[in-house]
Amino acid sequence: MRNLSDDEFSGWMGKGKASRFYLAIIGLKKGKGLFIPKEEWNLGKTPGRICCYIMKKFPHVKYQYGMKPDKSGWEVKRVE
């Protein structure tokens, strides 16, 4: 085990509310979108699960989401 400097520390992939995907999706402003490539997604089901969870917890927040037609990843857009 060794200590890391600030330059070496790259963060980590957390789960649930600590994941960078959750933070990116919940941080979207109205009308803004996000593309999540399949290669980067390593959590499980789909980003739609995160969107549904957020919409359930925060009823004033709405998203449109889905897989791109070429199946290269997911698009998420905050509509409300």
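How many aromatic pairs does the structure hold? The structure holds three of them, where rings of Phe, Tyr and Trp (its six-membered ring) pair if their centres lie within 6.5 Å, and planes under 30 degrees apart count as stacked, over 60 as edge-to-face and the rest as tilted. The model is predicted: local features need pLDDT of at least 70, side-chain atom pairs count only at pLDDT 80 or more, and totals for chains, interfaces and linings use all residues. Residues are numbered from 1 along each chain as its sequence is written, and side-chain values use heavy atoms, with hydrogens and water left out.

One of the pairs is Tyr22 with Tyr53. Their ring centres are 6.4 Å apart and their planes stand at 55°, so the pair is tilted. Tyr22 belongs to helix H1 (residues 20–26) and Tyr53 to helix H2 (residues 47–57), so the pair ties together parts that are 31 residues apart in sequence. Helices (H or I, at least four residues) and strands (E, at least two) are DSSP runs, numbered from the N terminus. Tyr22 is buried at 9% relative accessibility, whereas Tyr53 is partly exposed at 33%; buried means under 20% relative accessible area, exposed over 50%, and partly exposed in between (1.4 Å probe, protein chains only). Phe21, Trp41 and Trp74 form one aromatic cluster.

Next come the strands. E1 and E3 run antiparallel and are joined by five bridges; two strands pair if DSSP finds at least two bridges between them. E2 and E3 also pair in the antiparallel sense, over five bridges. Trp74 in E3 is the bridge partner of Ile36, and Met67 stands opposite Trp74 as well. E2 and E3 form a hairpin with five residues between them, and Lys71 in the turn has a positive phi of about 60°.

Lys29 is found in the loop between H1 and strand E1 (33–37). Lys29 is exposed, with a relative accessible area of 60%.
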